[in-house]
Amino acid sequence: MEYMDNERANEDLLFRKEVMRQFEYFYQYMHGDRKEPDDAETIFKRSIDFFDADWIGLIDFDLEVGAWSTRCFYNKRTGSSTETLIEDAESAEQAKRWVQAIRGGKPIVIEDIEDIREEAPEEYAMYK
């Protein structure tokens, strides 16, 4: 068993408590005890809070056509699920890492878009 210092153990415990709180919320939401609107936006807002994210959504990539588009999303900054600068279909050329991740079955987590400014300038511009 790996030793964890107290700080890391406390962070782990807090994270586990928050995950359980989210599971309870989603269970209640899915089984009709809803205090918020019955739509994907409610789930997205909760997920943004949980992950402390700026944007969350479902993106549809068509690798054969070489394009992607959003299906539904929530933008924390605008407080909107409709306001977007994303076109109906965008070129997959600007998101080469995403294409590789999809083909390889790997997730992409970007904690700060400034971290990819040099290595993926087209993707960085897409986020900006």
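Start by selecting Thr-42, Phe-44, Ser-47, Ile-48 and Phe-50: these are the buried residues of helix 2, where buried means under 20% relative accessible area, exposed over 50% and partly exposed in between (1.4 Å probe, protein chains only). You're looking at a predicted model, in which local features need pLDDT of at least 70 and side-chain atom pairs count only at pLDDT 80 or more, while totals for chains, interfaces and linings use all residues. Residues are numbered from 1 along each chain as its sequence is written, and side-chain values use heavy atoms, with hydrogens and water left out.

Now show the whole of helix 2, residues 40-51. Helices (H or I, at least four residues) and strands (E, at least two) are DSSP runs, numbered from the N terminus. The 12 residues of helix 2 reach 16 Å from first C-alpha to last, close to the 16 Å expected at 1.5 Å a residue; the expected span is 1.5 Å times one less than the number of residues.

**The end of helix 2**

Select Phe-50 and Phe-51. Their rings make an edge-to-face aromatic pair, with 4.7 Å centre to centre and 80° between the planes. For the rule: rings of Phe, Tyr and Trp (its six-membered ring) pair if their centres lie within 6.5 Å, and planes under 30 degrees apart count as stacked, over 60 as edge-to-face and the rest as tilted. Phe-50 is among the buried residues of the helix, whereas Phe-51 is exposed, with a relative accessible area of 58%.

Step on to Asp-52, which follows helix 2 and sits in the loop between helix 2 and strand 1. Most residues other than glycine have a negative phi. At 62% relative accessibility, Asp-52 counts as exposed.

Lys-76 is partly exposed, with a relative accessible area of 38%.

Asn-75 is next, in strand 2 (residues 67-75). Buried or exposed? At 13% relative accessibility, Asn-75 counts as buried. Show its surroundings: leaving out residues up to four places away in sequence, Asn-75 touches Asp-54, Trp-55 and Ser-80, a contact being heavy atoms within 4.5 Å. Then turn to Thr-78, whose backbone nitrogen lies 3.4 Å from a polar atom of the Asn-75 side chain.

**Core and rings**

Select Phe-61, Trp-68, Ala-92, Ala-95 and Val-99. These five residues make up the largest nonpolar core, that is, a set of buried Ala, Val, Leu, Ile, Met, Phe, Trp, Tyr and Cys residues joined through side-chain atoms within 4.5 Å. In soluble globular proteins, nonpolar side chains tend to be buried together. Click on Ala-95: not counting residues up to four places away in sequence, Ala-95 touches Phe-61, Trp-68 and Met-126.

Phe-61, Trp-68 and Trp-98 form one aromatic cluster. How many aromatic pairs does the count come to? Four. In one of them, the ring centres of Phe-61 and Trp-98 are 5.9 Å apart with the planes at 25°, so the pair is stacked. Phe-61 lies in strand 1 (residues 55-62) and Trp-98 in helix 3 (residues 96-104), so this pair ties together parts that are 37 residues apart in sequence.

A search of the whole structure finds five salt bridges. Pick Glu-123 and Arg-97, whose closest N and O atoms are 2.8 Å apart. Glu-123 sits in helix 4 (residues 121-127) and Arg-97 in helix 3, 26 residues apart. Compare their accessibility: Glu-123 is buried, with a relative accessible area of 2%, and Arg-97 is partly exposed, at 25%.

Finish with Glu-114 and Arg-117, another salt bridge, with the closest N and O atoms 3.5 Å apart. Glu-114 is partly exposed, with a relative accessible area of 36%, and Arg-117 counts as partly exposed at 42%.

Technical notes:
Polar contact = N/O pair within 3.5 Å; in protein donor to acceptor, adjacent residues only side chain to side chain. Salt bridge = Lys/Arg side-chain N within 4 Å of Asp/Glu carboxyl O.
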